[in-house]
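Hi,

Here is the structure I said I would pass on. Have a look at it first, and then read my notes below.

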Amino acid sequence: MMQTEPIFNDNLKNEFTTRFGSSPEFIVSAPGRVNLIGEHTDYNDGFVFPVAIDKYLHIAASPRSGRQVHLYALDMNEEAIFSLDAPDESDTPAWCKYLKGVAHLLQEMVLSNIGQTLQGMSAVITGNVPIGAGLSSSAALEVASALAFLGVCGLEISNTGVETKADITLIELPPTELAALCQRAENEFVGVNCGIMDPTISLLGKTDHALFLDCRTLGYEQVPLNLTDILLVICNTNVKRELASSEYNKRRTECERGVEIMQQWMPSITSLRDVSLEDFKKYEAELPQITQKRCRYVIEENTRVQSAVSALIAKDISTFGTLMNESHTGLRDAYEVSCDELNVLTDIAQNIDGVIGARMTGAGFGGCTVNLVYSDVVETFQNRIMKEYTQRTGIEPDIYVCNVGDGARINWHTES
Ligand code: GLA
C-alpha cells in the first residue's frame, strides 16, 4: 500500500489566520482507525489488531495568553470558548467535552508532575474522519487535542514530531500512557465506557502496519501488513449507532458478571483474558445463557486475534480472511452487537470472489464493515455493494478505499 501524508488543508490555515490574526503555530493530525480483528476484547484485557486509516482530524493551534481556550469547529461551523480554570461553567457544544476532559487530565496527570501549567489556546478543528461511523473520530479528537494542549506549552512526546522545533521540550510520556489518559477523558467526561484500543492506534499507527496490542500489559508490536494487490475497503452502513452506548455498557457488565461467577471455580482470574477455552468448556453450563454466549465469544475472539496475527506473519492471508469472517459470525450471533445493515453488507461482501474477509468493525449497532479485497475486484466490489445494499436496505452506503496511514503527528512548519 502507498505511503500517505496527512493533507494539510489550506482552508484550515486560512480559517485560522482570518479568525486569530496570524498563522497557526502548528497543526496536529490524528487518524481514525479500523480494527481488522479483536472486537470487544479491549475492555476484557484481551488482544486487538487495528490499523490507522488515512482519514485525519486536524487541529491548527497557537498559544494564547491567559487561561481561555477559543475553538472553532470548521466543519460544523460552531464556536466555543471555555476557561481552563472553570471548565464546567460555560455552556459549550457537546464536542467540547472531549477537549475539556483531556485538558483537565493532562494538567492533573502530566503537567503537574513536571511543574508546568496549561496555557490558553486558539484552535480551529477540521477533518475527514466520518463522525459517528465507528471509525473513532472521538479518539482522533482526544489524541489531537492532547497533542495540541501539550504543543501550546512547548511540549511534545517523542514519537509524534514530523520534525521537532528547536525550542520544544520532549517529555518522557509513553504513547500508551497518553492513550490511557484520552480513554479516561472519554470515560469520565463524556460518559462513554470505551476501552483503550482507539486512542492507542490513533497514536501508534504506522503506514502499512497493524498494531497487535495486548490491552492488559499495553505491550504492542507493529506488524507489517505486506498486502500486495490487496486493498482495505471500509463500507459505511450510514445507520446511526443508536444503541451503541447503552448496549456497549451492558456487554461490559455481562462479561464482568461471567468473570465473577467463574471466580468461584477459578479464583485467580480477573478478566476473560485469563480463561482458556478449555477451562471455559468445563464451567459454561453453569452460567446464565446470555452470559455464556458473551463470554464464549470473547474467549474465542482472543484466540482468533492471535491466530490471525500468526497467519499474517506466515503470509497466509486466506486464513486471516476466514478468521475475520468468523469474528463477524460471533459478533452477530453470540455477542449480538451487529445489526441487519451490517449483516447485509458482510453477506454481500463474503459472497464476492476476491474478497478475503469481511466483518463489522468497532462497537457495532451500525457504523462500518472492514473488508480485505483483491485490487482487481475492487471495482466489482464497489458496484455490487452500492447496488445490492441499496436494494436490500433502501439506504445508500458510503465506501472508502483506504490506505493504512501513520499515527498522530504534530507539524510545526505551517508557513509553507
Ligand atoms: C469502541 C470502543 C473500543 C472497543 C470497540 C469494540 O470502538 O471505543 O474501545 O471496545 O468499540 O471493539
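Let's start with β2 and β9, which pair in the antiparallel sense over 2 bridges. Two strands count as paired if DSSP finds at least two bridges between them. Helices (H or I, at least four residues) and strands (E, at least two) are DSSP runs, numbered from the N terminus. In this pair, Phe-47 sits opposite Asp-214 of β9.

Before going on, a word on where this comes from. It is a predicted model, where local features need pLDDT of at least 70 and side-chain atom pairs count only at pLDDT 80 or more, while totals for chains, interfaces and linings use all residues. Residues are numbered from 1 along each chain as its sequence is written, and side-chain values use heavy atoms, with hydrogens and water left out.

Back to β9. On its other pairing, 5 bridges join β9 to β10, and the two run antiparallel. There, His-209 faces Pro-224 in β10. The hairpin of β9 and β10 has 5 residues between the strands, and Leu-218 takes a positive phi near 65° in it.

Is β9 covered or open? It is mostly covered, with 6 of its 6 residues buried. Buried means under 20% relative accessible area, exposed means over 50%, and partly exposed is in between (1.4 Å probe, protein chains only). In a regular strand the side chains alternate between the two faces of the sheet. In β9, His-209, Leu-211 and Leu-213 point one way, Ala-210, Phe-212 and Asp-214 point the other way, and all are buried.

Now the chain as a whole. It has 11 helices and 15 strands. Its radius of gyration is 21 Å, close to the 22 Å that the globule rule gives for 416 residues, so the chain is as compact as a globular protein of that length. (The radius is taken over C-alpha atoms, and the rule is 2.2 Å times the number of residues to the power 0.38.) The C-alpha atoms fill a box of roughly 60 × 55 × 40 Å along the principal axes. Of the 416 residues, 57% count as buried. If you take contacts (heavy atoms within 4.5 Å) between residues at least 6 apart in sequence, 71% of them join residues at least 24 apart.

There is also an open sheet of 4 strands, in the order β12-β13-β11-β14, with antiparallel pairing. Its edge strands are β12 (355–361) and β14 (398–402), each of which pairs on one side only. From one strand to the next, the twist averages 20°. Helix α10 (residues 340–350) packs on this sheet and touches β11 (230–236), β12 and β13; its direction makes about 175° with that of β12. Axes here are lines fitted to C-alpha atoms, for helices over the stretch in contact, and angles run from 0 to 180 degrees between N-to-C directions. β12 is joined to β13 (residues 368–374) by 6 bridges, and Arg-359 stands opposite Val-370 in β13. Over in β14 you'll find Cys-402, which counts as buried at 2% relative accessibility. Cys-402 and Val-233 are 169 residues apart in sequence but 6.0 Å apart in space, C-alpha to C-alpha.

How many salt bridges are there? The count comes to 24, where a salt bridge is a side-chain nitrogen of Lys or Arg within 4 Å of a carboxyl oxygen of Asp or Glu. One of them joins Asp-45 to Arg-216, with the closest N and O atoms 3.2 Å apart. Asp-45 is in the loop between β1 (26–35) and β2 (47–48), and Arg-216 is in the loop between β9 (209–214) and β10 (220–224), so this pair ties together parts that are 171 residues apart in sequence. Asp-45 is partly exposed at 22% relative accessibility, and Arg-216 is partly exposed at 33%.

Another salt bridge links Arg-384 and Glu-388 (2.7 Å, N to O). These two are 4 residues apart in helix α11 (residues 378–393), about one helical turn. Finally, salt bridges that share partners join Glu-247, Lys-250, Arg-251, Glu-254, Lys-293, Arg-294 and Glu-336 into one network.

Cheers
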